[in-house]
Amino acid sequence: GVTWNETEEELVRPTREGKQERRKKMMWKTRLSFLLLLLRGEAFLAPLSPTKEMPSLLLRLKSSAYGDWEPSSDGGSYVLLPKGQRPKKTVVHFIGGAFVGAASQLTYRYLLERLAVAGYAVVATPYRLSFDYETTCEGIERSFAESAAELEYDEVVGVGHSCGALLHALMATKSPRRKRLALISYNNKGATDAVPLFDEVVVPFATTAATQPLARRAAETLRGAADVAIEALENPPLEPPAAVREIAERLGLRQIARQSLELADQLPDLLGELADGAREFDPPPQVVRQRLRTSFLAEDALVLQFQDDAIDESDDLYAALRDATGNPSLALKRLPGTHLTPLTQDIFLPAQAVADVAKAAANGNNGPFAAAGNNGGGTVAATIEGALANAAEYVNFPRDQWLSQVDATFQELEEWLRTDDDDDDKAPDDQDDDIPEPPVEVVDDGDLPPTD
């Protein structure tokens, strides 16, 4: 901290204010580095998908509505409305899987935004994982009721993934609010089967973490550091360039950073339940199976499973719901993919945002290229636009590969959702009296190599 003053030719010790200023600069650098690490890790949630017939790149780019999710009046759910069109009269209520369901508007963002582009109002209700399923369902129902009061609709369709599919199914044993359900990668395993090393590692760790003051302080420190890092992003000490602000706004980085804290905030309560003696979900798996067979109130369901999913129990669910509803149109479909497929994100979207901002700058709308683009007769603009067009051609193929399985999932959902609309438009005489029970449909991925 000691510096040499060449003018006075003497050693100068830093002032107290100087030390504080240097510490402040280092603190901001540390906070920003921590936030960047978090954001980098969030992009790689899902595995690479094989190529399949996909919609155009232009359609997919238009499917992103980053930053357009609005919290409901009670703050418990997030609502996404279609852009530039009147929403259909069917509202999609989505519940995500364990842990990731605490911020489902983020972790399932790509899939849900595609539903909004198709014209559906989407309500995503986050929840904190708990061993008490009944209380969790009650909280989800209250939050959705608050959100639904702000919308105009004729029908609510429940869509759930993994634990979210289980929660939707449980709610359908108590309320007929959702007459149709789409249940993806259903899982009803007990705690010891669902959580690796549950008795050997998880329970002892939870007990220690809940009872040791040092562990609690460490968790509070990490949570505080995350808050500080997000505050640095929202109120940076130095004003970033206009292009950087534009890119951050297009990607919704502030919303993503703030809302993603919910993923971590659920852990203390869950560990506390374990420390208090919770060892099994309530109701346990056998009770859930019985309730589905005897008390299921929904009239129709689409059960989706993926071919490479070792923890999926959709076959058992399909058998139970078929017996409960007596509905011959009940469908079970198998798609290429894994348990994580619905979580796939468009990791190419940040590059697209950068390209859009660069293109606007090259056209003289804003940014450092504006003057050069105008004074040079559009030479700079044409050069950058050409480079971006060439880059898009190279990005298109890997992007299609990456998103193919989640796009196929969306297509199955959207086709099933449209079926009800088509049935409503049919005259009674056009409908068949005797509808045979459909076989389980396996959607083949052709000669493509299997994914890892």
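In helix α14, the buried residues are Ser 314, Leu 317, Tyr 318, Ala 319, Ala 320 and Leu 321, where buried means under 20% relative accessible area, exposed over 50% and partly exposed in between, with a 1.4 Å probe and protein chains only. The model is a predicted one, so local features need pLDDT of at least 70 and side-chain atom pairs count only at pLDDT 80 or more, while totals for chains, interfaces and linings use all residues. Residues are numbered from 1 along each chain as its sequence is written, and side-chain values use heavy atoms, with hydrogens and water left out.

Helices (H or I, at least four residues) and strands (E, at least two) are DSSP runs, numbered from the N terminus. Helix α14 takes in residues 314-325, 12 residues in total, and spans 16 Å from its first C-alpha to its last. That is close to the 16 Å expected at 1.5 Å a residue, the expected span being 1.5 Å times one less than the number of residues. The cover over the buried residues of α14 includes β8 (180-184), α13, β9 (300-308) and β10 (331-338), with contact taken as heavy atoms within 4.5 Å. After α14 comes Gly 326, with a positive phi near 65°.

Now for the rings. The structure has 3 aromatic pairs; rings of Phe, Tyr and Trp (its six-membered ring) pair if their centres lie within 6.5 Å, and planes under 30 degrees apart count as stacked, over 60 as edge-to-face and the rest as tilted. Phe 131 and Phe 281 make a stacked pair, 5.2 Å centre to centre with 25° between the planes. This pair links distant parts of the chain, 150 residues apart: Phe 131 is in the loop between β6 (121-124) and α5 (133-148), and Phe 281 in the loop between α12 (267-275) and α13 (285-295). Phe 281 also stacks with Tyr 133, with centres 5.0 Å apart and planes at 10°. Because Tyr 133 belongs to helix α5 and Phe 281 to the loop between α12 and α13, this pair ties together parts 148 residues apart in sequence.

Lys 88 lies over the face of Tyr 120, 5.5 Å from the ring centre, and the charged end of Arg 180 is over the ring of Trp 416, 4.0 Å from its centre. The criterion is NZ of Lys or CZ of Arg within 6 Å of the ring centre and within 35 degrees of the ring normal.
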